[in-house]
2 protein chains.
Amino acid sequence: VQAVVLRGTDLVVDEVAEPTPGPGQVLLEVLACGICGSDLHCRHHAKAFTAVARRSGLSLFDFDADRDLVMGHEFSGRVVEVGPDVDAVRPGTLVAAHPVVKVDGRFRPVGYSNERPGAYSERVVVEATGVLPLPDGTNPHHAALTEPLAVGLHAVNESRAAELGSAVVIGCGPVGQAVIAALRLRGVPLVVAADFSPARRQLAGLMGADVVVDPREQPAVDAWRRAGGRGPTVVFEAVGVPGMLDLAVQAAPSRSQIVVVGVCMQSDTFEPTVAITKQLTLTFVLGWSAAEFADCLESIGSGRIDVSPLITGKVDLTGTPAAFDDLANPERHAKILVLPGGAT
Amino acid sequence: VQAVVLRGTDLVVDEVAEPTPGPGQVLLEVLACGICGSDLHCRHHAKAFTAVARRSGLSLFDFDADRDLVMGHEFSGRVVEVGPDVDAVRPGTLVAAHPVVKVDGRFRPVGYSNERPGAYSERVVVEATGVLPLPDGTNPHHAALTEPLAVGLHAVNESRAAELGSAVVIGCGPVGQAVIAALRLRGVPLVVAADFSPARRQLAGLMGADVVVDPREQPAVDAWRRAGGRGPTVVFEAVGVPGMLDLAVQAAPSRSQIVVVGVCMQSDTFEPTVAITKQLTLTFVLGWSAAEFADCLESIGSGRIDVSPLITGKVDLTGTPAAFDDLANPERHAKILVLPGGAT
């Protein structure tokens, strides 16, 4: 099959081995695969990804950075073929799917693995138990947003935002937008968002933020107070560059929770005394549960979450390397979908 | 009255104004006042204390470092005189007391204030509502440990240690010892502690740690695993020097909680990616509730917590400056009590 291969820091379209579904697995024709910020990072910091994964004892980024890698873990598809022992999934069904397969009884990533290629490819193999049929009438391109939305929903579910009644979202890239959508889905009354980019601020309003500010003009927590925010709140750090944690700690109201959902690949520095004086909680989140993934697919299908504003570009496999470069400009793009069948 | 005055970074015994109880307040003869690690820090970093308090919008360290300061906030005493509108407290009663008075309806600190001197003094004024009679037969010297024990109990109550069934305590200074005692009080089945100092390790065993290690010989989390620890746990960071947070993040098992109870006055650096990959929670704690304070006094009075091993020295006011210096040596001391009536 044709796929976009990460080779060193180059992305090249190349022919790779046809994936075949083993027992309990399903082969999908990829209809759409979103380009994730983690993939942008991974392109340039693959060795750092694997080093940190090794240090933390987890197998999420489970690959050899010196070998070819096919990324892509936010996708929808059509079932082409099912492996042995698969009864619940039928060929032809449109689906979203967890980017995993089972190896020796354990779920392992698809896309951040040399052996288990991801969905920047014409076809991908996934575990049948993680395959969810699209609700009737769901646009398969929208369904590719299920995974990144689930990341936002998980962050919100791990937070006290519903209990405290408000949230401040720092950074309105795709992760911040997913958090905003999830805060709306959970009915949090006051959602304040901040980003330097005018395009991202406009998008934050479309996704449901009540107040959106340029932090150069008005700090987010000041805007939250002006909008009636009182007491503790939840600050979502969705930027992921060094210094943001310190900024969040300095800005957060006393007894607040800071949820770190932006992945910062470098070391970061902050003042523990400020965090202690304010009695802050820092919650570091990653991933999502099966229930959260299903909840997001259902919300997309029913229109409770409208993801269409987030999709700012569509490319075919050949256009994917350039799309990676384009995503560096926050004014032009939020989420670009790779359509291996052609960008139409 | 005679008091130990912090003047710049010097501690001098000097005559200060006789404190007088206002409405709702009580004058105590100080029987014993523990020297707190925060006081040691404050002696050398007073301006940093007040700067961080100002930045975080709190009034805990509410003083002008260029003026005289009488510290001391861990004390027991005998009621000498009550102010107007005080009915519940009688002269002669032996008590422990919250180190606070009310100003304009708000509780404000005693000891970290130029206007509200603390208990390194013959007498101290406190709010009557924070005064608790000692349980019959309680040694007033032991009762002076109520406040630091309450800090440990609060840290444990804010943690998931009881739910998770185990804890790892990094650092066995007075704060770490209080955490160990509180973990035992709360019935946490497995308590592992680590410190470089042999004397502190011995003390940790006396206070209730099941396993105590020298981290140069065996990392604390390794010892926890060898003792049967599985899954997530709670790591208490009770050292408070730069680098400890990174160490705790690197060492903590996946999905663990790190409770930061050691105050680190400098900036600290760590790797957010590791915390994200492990989905850690960092909880920064400070202080205690009235219920926790009362619980600790009751536990000291009933003997459920034996604090006597923690008391490694007693000095009078004149001996206090030297005691501050002595506390730098972990082999010699845990808690030194200042006895303004004479060290006998």
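How many residues of chain A are in contact with chain B, and how many of chain B with chain A?

A: The model is predicted, so local features need pLDDT of at least 70 and side-chain atom pairs count only at pLDDT 80 or more, whereas totals for chains, interfaces and linings use all residues. Residues are numbered from 1 along each chain as its sequence is written, chains are lettered from A and ligands numbered from 1 in the order in which they are written, and side-chain values use heavy atoms, with hydrogens and water left out.

On chain A, 34 residues are in contact with 34 residues of chain B, where contact means heavy atoms within 4.5 Å. The two chains bury about 3,200 Å² between them, 64% of it on carbon and sulfur atoms; buried area is the accessible area (1.4 Å probe) that two parts lose on being put together, summed over both. Of the area that chain A buries against chain B, 21% comes from A:Ile276, A:Thr277 and A:Phe284, more than from any other three residues.

Between the chains there are 0 salt bridges (a side-chain nitrogen of Lys or Arg within 4 Å of a carboxyl oxygen of Asp or Glu).

At least two residues each of the side of chain A that touches chain B come from helix H1 (37–55), helix H8 (244–251), strand E15 (268–270), helix H9 (272–278) and strand E16 (281–284) of chain A. Helices (H or I, at least four residues) and strands (E, at least two) are DSSP runs, numbered from the N terminus. H9(A) gives the most to this side, with 7 residues.

Strand E10 (residues 166–170) of chain A runs parallel to E11(A), with 5 bridges joining them; A:Val168 has A:Val192 as its bridge partner.

A:Thr233 is also buried, with a relative accessible area of 0%. Its side chain makes a polar contact with the side chain of A:Ser166 (2.8 Å).

How values were computed: Two strands pair if DSSP finds at least two bridges between them. Buried means under 20% relative accessible area, exposed over 50%, partly exposed in between (1.4 Å probe, protein chains only). A polar contact is a pair of N or O atoms within 3.5 Å; within protein, one must be able to donate a hydrogen and the other to accept it, and residues adjacent in sequence count only if both atoms are side-chain atoms.
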